[in-house]
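User: Can you walk me through this fold? Here is the model.

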Amino acid sequence: MRVLVDTNVVLSAILFPKGAAAKAFVNIVENHHLVLSDYTFSELYDVFERKFRNRIPALDFFIDALTYEAISPPETIDPNEYTDLRDPDDLPILTSAVKAECDYLVSGDKDLLVLTSAPLCIVSPAEFIELTRSD
C-alpha cells in the first residue's frame, strides 16, 4: 500500500517512540510504501527550528535513514474541490496524498479525519494499526 504520513504523525513518532503514531510509522516503513510531502519536511523543520533547535541534526539523521518517496503538493490547488474540508491549511497534505495516488493518509488532524470528500482513506495512527493488524 502507498501511505502518506501527515506531519503530526511524523512529529509524534519522533517525540513519543512508544505511542500509536510511532507504531503506525514503523509499520508503514517496514511493510508499505512510505510517501512524504515536501510540505511535511517544511513543517517539521519549522517546528524543530522553533522548539527543538538543538535537535535539528537528529531530525536530519532520522530523515536520511528513511526510505520514502517524496512528493510535492500540486502547484495549483482548488480549495473548492473538497467542500467539507474545514481547515484550508490541510490542503497541501491532502492534495499531495491524492497526487501520489496513495491508498491511505495517516493523520492525527481531526479536520482531516472527518473529511469524506477525499478519494482515499484518511485514518488515525491507531486506526491504521488496527486496519493492518493482519499484515
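Analyst: We can start with the sheet and then turn to the helices. This is a predicted model: local features need pLDDT of at least 70, side-chain atom pairs count only at pLDDT 80 or more, and totals for chains, interfaces and linings use all residues. Residues are numbered from 1 along each chain as its sequence is written, and side-chain values use heavy atoms, leaving out hydrogens and water.

User: In what order do the strands of the open sheet run?

Analyst: The order is 3-2-1-4-5, with parallel pairing. Strands pair if DSSP finds at least two bridges between them. Strands (E, at least two residues) and helices (H or I, at least four) are DSSP runs, numbered from the N terminus.

User: Which are the edge strands?

Analyst: Strand 3 (69-71) and strand 5 (121-123); each pairs on one side only.

User: How many bridges join strand 1 and strand 2?

Analyst: Three, linking residues 2-5 with residues 33-37 in the parallel sense. Leu4 stands opposite Val35 there.

User: Now helix 4. Which residues are buried?

Analyst: Ile56, Leu59 and Ile63 are buried in helix 4, residues 56-65. Buried means under 20% relative accessible area, exposed over 50%, partly exposed in between (1.4 Å probe, protein chains only).

User: Why do they line one face of the helix?

Analyst: Down the axis of helix 4, the buried residues fall within an arc of 55°, so they share one face. That arc is taken over the directions from the helix axis to the C-beta atoms.

User: What is exposed on the other side?

Analyst: Pro57, Phe61, Asp64 and Ala65 of helix 4.

User: And what do the buried ones pack against?

Analyst: Helix 1 (7-15) and helix 3, where contact means heavy atoms within 4.5 Å.
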